[in-house]
Structure formats: C-alpha cells, structure tokens
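Please read this note with the sequence and the model side by side. It is written for someone new to the entry.

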Amino acid sequence: MRNLITDILISENPKFGEPIKNVTVPVGREAIFTCVVEDLGTYKVAWLRVDTQTILTIHNHLITKSSRISITNSENRTWYLHIRDVQEHDRGWYMCQINTDPMKSQVGYLDVVVPPDILDYPTSTDMVVREGSNVNLRCVAKGSPEPVIAWRREGGETIRLLTGEEVSSVDGPILNISRVSRQQMGPYLCIASNGVPPSVSKRIMVIVHFSPMIWIQNQLVGAYEGQQIILECHSEAFPKSINYWTRDKGEIVPQSGKYEPMTLENSYKVHMKLTIRSVNVADYGTYKCVSKNSLGDTDGTIKLYRKLPSTLINVK
C-alpha cells in the first residue's frame, strides 16, 4: 500500500523534462515550440503569450481565436505549439505552464527574421549631374536583423573614395562621389543583406553631362595623288553629340562615293573617321571634325597636304 501511495504522489508531481528552446524562423514560415513534461498525471498544460498575457491553449483545447495557432502532443508528454504563417508581430516570449500549485512554467523566445527590402523613399533614384559636381547616393532598407548596405558598380569598375583610393565596394547607406567625372558615369548597385535570403539590390543610374571635347592624334596628314587616306578624330560628350566633318569654307563633307564619314560609338566616346578615296588636288586642304551637344560644341583641325612621289637617283 505504501509503495502504491508513493507511486501516486510521484505521478502527481509533474516536472519539465528539458528547457524550451528558442525558435528563429523567417516571416511567413511555421514556428514550433516544444515543451516536454514528465509525470503530468491529471494536470494540464497551457501555452500563453507572455507580453500580452494571452492564453493560447489549455491542454488539447484552443483558446485563442487565431486560426494560425494549433496544439499537438505526443503521448501526453511532449506538447507542441504551432504558429503558422509567422508575422513580425508574433515575435516575443511564449510560456508553457503546468497548473500545479504553485504553478510551474518555462518560456521560450520566438524571433522572426525578415529578409531585406529596399525602401523606394528615401532611397536615391537615377540622377543627372554636371561633371565636376558632388554626388550623394542614399540607400535605405528594412528587415530583421537590420540590413547592412554595400555599394558596387554594375560593371565591376572601381569606386573612387574621397581619399583618392580605388575600391571595388563601399559599405554604408551613403555613397559620396566628390567632383564626379565622366569615368564614374554608369549604373551603381545598392545591395542590402542581413543573413536572411534573399539579398536585394537597387540599380541607380548616375548620368554625367559634359560638353564635347576632341582629341586628334595626327593633325598633319600627307597623301599622294590617287591614294586612299583616312582622317581620324576622337571625341567625348554627353548627352550624345552630333558629329560631322567640314572643309575649309565650312561646307559639310557629304556622304558620297568619294567621301565616307563613319562614327564608332562606345558610351560617351566617339571615334570619327573620314575616308577619302583616290585623293586629287581638290582634296588637299583643311578638314574639321565637329562635335556638338546641348552643352556646347568644339572642333578639331586636320590639314591634308600633298606628298610628292620620291625620285630615285641612280648614281653610276
């Protein structure tokens, strides 16, 4: 009889078999808390939301009206609290309670992690600036944990710091470009990450405007009569320039069987070529390559002169 009474007393002294483990889940997924109770006997297990003092379940009965919460158990020993489609407001402490006197309880923390999201405002949008001005790009993101921001150029080009150092990426929500140059024109990527996939990025285009500039490698070009010759100019401008060739009196060199103007464009750079077929006396003189855009115009001069055939003198 004494052993039976002792067994009953023991069976009526429930205790927790192990601590509740904290749970971390991404938003939208399911969180499951596990509460292990030894020797529960006739006592009951309840789950509560600590911060709001809300009773969620008592034993196998659902108390809360939330359809996202459910309760299951295994052999009256392991009690599972399920929270489906977890939202940020579910973050907090949850209690597993046994209705002994005094009450026994233990708690676990639900952390809800949220992948980063870049906010359209106040994140910078595409911008147009004059060469030599200062550019400040800003990127703001939300998420949990708080996202970190990194800047890169889309094409892999380096970013010049205020110190003059060239780096592949810059950390922080603000990217400052001092006295921006045409070489720094192009798409920049603001990348937000917080360890919760996926990372996200926003493409911000920096457009640098400047008036045309022209470089000529050979300003003096010689050609024999009957020879085919190519005159060349290199220009840079943005917005894109209108490019053409003129002669001594300002007349535009037309596209014809004799003259073939051609332009090769690469971003803001233009390679101008003028092919002159079968040069004759009338072709000698001054040629100008002209480049114009909304910010200004410029030209470069090439002089085409006549080369005389070399005379071979035989010394006997």
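The points below cover the annotated domains and the salt bridges.

1. The model is predicted: local features need pLDDT of at least 70, side-chain atom pairs count only at pLDDT 80 or more, and totals for chains, interfaces and linings use all residues. Residues are numbered from 1 along each chain as its sequence is written, and side-chain values use heavy atoms, with hydrogens and water left out.

2. An unreviewed UniProt entry gives the annotation "domain: Ig-like" to residues 14-108, 116-201 and 212-303. Such annotations may be inferred rather than shown by experiment.

3. Residues 116-201 are 0% helix and 48% strand, with end C-alpha atoms 9 Å apart. For residues 212-303 the figures are 0% helix and 61% strand, and the end C-alpha atoms are 21 Å apart. Helices (H or I, at least four residues) and strands (E, at least two) are DSSP runs, numbered from the N terminus.

4. There are 16 salt bridges in the structure (a side-chain nitrogen of Lys or Arg within 4 Å of a carboxyl oxygen of Asp or Glu). One of them pairs Lys15 with Asp39, the closest N and O atoms being 3.2 Å apart. Lys15 lies in strand 1 and Asp39 in the loop between strand 3 and strand 4, so the pair ties together parts 24 residues apart in sequence.

5. Asp111 forms a salt bridge with Arg91. Asp111 is in strand 10 and Arg91 in the loop between strand 8 and strand 9, 20 residues apart.

6. Glu166 and Arg160 also form a salt bridge, with the closest N and O atoms 3.0 Å apart.
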